[in-house]
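Student: Could we go through this model together, moving from a single residue to the way the side chains pack?

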Amino acid sequence: MLLKILIFTIGMLLAGCSTKALVTTHSSLPAVNTNNKISLFELNNYTDTPRAGMRAANIVEGILHTKGYAVQTHFKQNLYTRQEAQQQAIKDGSSYFLIGGVSEWRYKTGIDGEPAVSLQLTLYTTKDKRVLWSATGADNDWGNASIGSTAQTLIEKMMKK
């Protein structure tokens with residue numbers, strides 16, 4: 001009996017070390033077809049980590065490709081407004097455009113130096129700038145994980161089909 005209590009207590013302590021949060025407007029992205037191209041823009045960087053928006057957008061691009069979407073990327077130092085992104089998506093011939101932001105992209109201080117990531121992604125229709133899909137998520141991982149792998153896991157959950 002004591003062993004069961006000890007195992008339960010250790011399990012609860014370990015579960016408490018991880019923080020995950022996820023909010024989406026819809027449970028999945030639109031269906032993939034040959035006419036649905038997505039223009040992807042570098043995410044706004046609200047962190048102290050240089051180029052976090054470009055790094056996160058690069059992971060988003062890879063995940064979209066693996067899901068079968070045609071993606072046109074636009075990464076530059078001067079970020080696009082929603083209006084500018086829509087105009088560029090029209091030039092690209094894209095049905096959708098994706099913009100968002102990075103609120104956290106760092107290793108926490110302390111013994112373990114755990115990676116922590118917080119992102120917001122929004123997919124708009126190019127025609128009328130209507131929000132088609134949106135997700136906000138935050139995650140951290142153990143000290144031996146990387147920010148990239150933590151971000152990839154989070155983005156995959158955000159884009160779950």
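Tutor: Thr49 is buried, its relative accessible area being 18%, where buried means under 20% relative accessible area, exposed over 50% and partly exposed in between, with a 1.4 Å probe and protein chains only. This is a predicted model, in which local features need pLDDT of at least 70 and side-chain atom pairs count only at pLDDT 80 or more, while totals for chains, interfaces and linings use all residues. Residues are numbered from 1 along each chain as its sequence is written, and side-chain values use heavy atoms, with hydrogens and water left out.

Student: From which residue does a backbone oxygen lie 2.6 Å from a polar atom of the side chain of Thr49?

Tutor: Not counting residues up to four places away in sequence, Thr49 touches Arg55 and Trp105, contact being heavy atoms within 4.5 Å. The backbone oxygen at 2.6 Å from the Thr49 side chain belongs to Trp105.

Student: How many residues are in the largest nonpolar core?

Tutor: Such a core is a set of buried Ala, Val, Leu, Ile, Met, Phe, Trp, Tyr and Cys residues joined through side-chain atoms within 4.5 Å. Leu98, Trp105, Leu119 and Met159 have the most contacts inside the largest one, and its residues number 30.

Student: Which element gives the largest share of this core?

Tutor: The elements giving two or more residues to this core include α2, β5 (96-107) and β6 (115-125), helices (H or I, at least four residues) and strands (E, at least two) being DSSP runs numbered from the N terminus. The largest share, seven residues, comes from α2.

Terms used. Polar contact = N/O pair within 3.5 Å; in protein donor to acceptor, adjacent residues only side chain to side chain.
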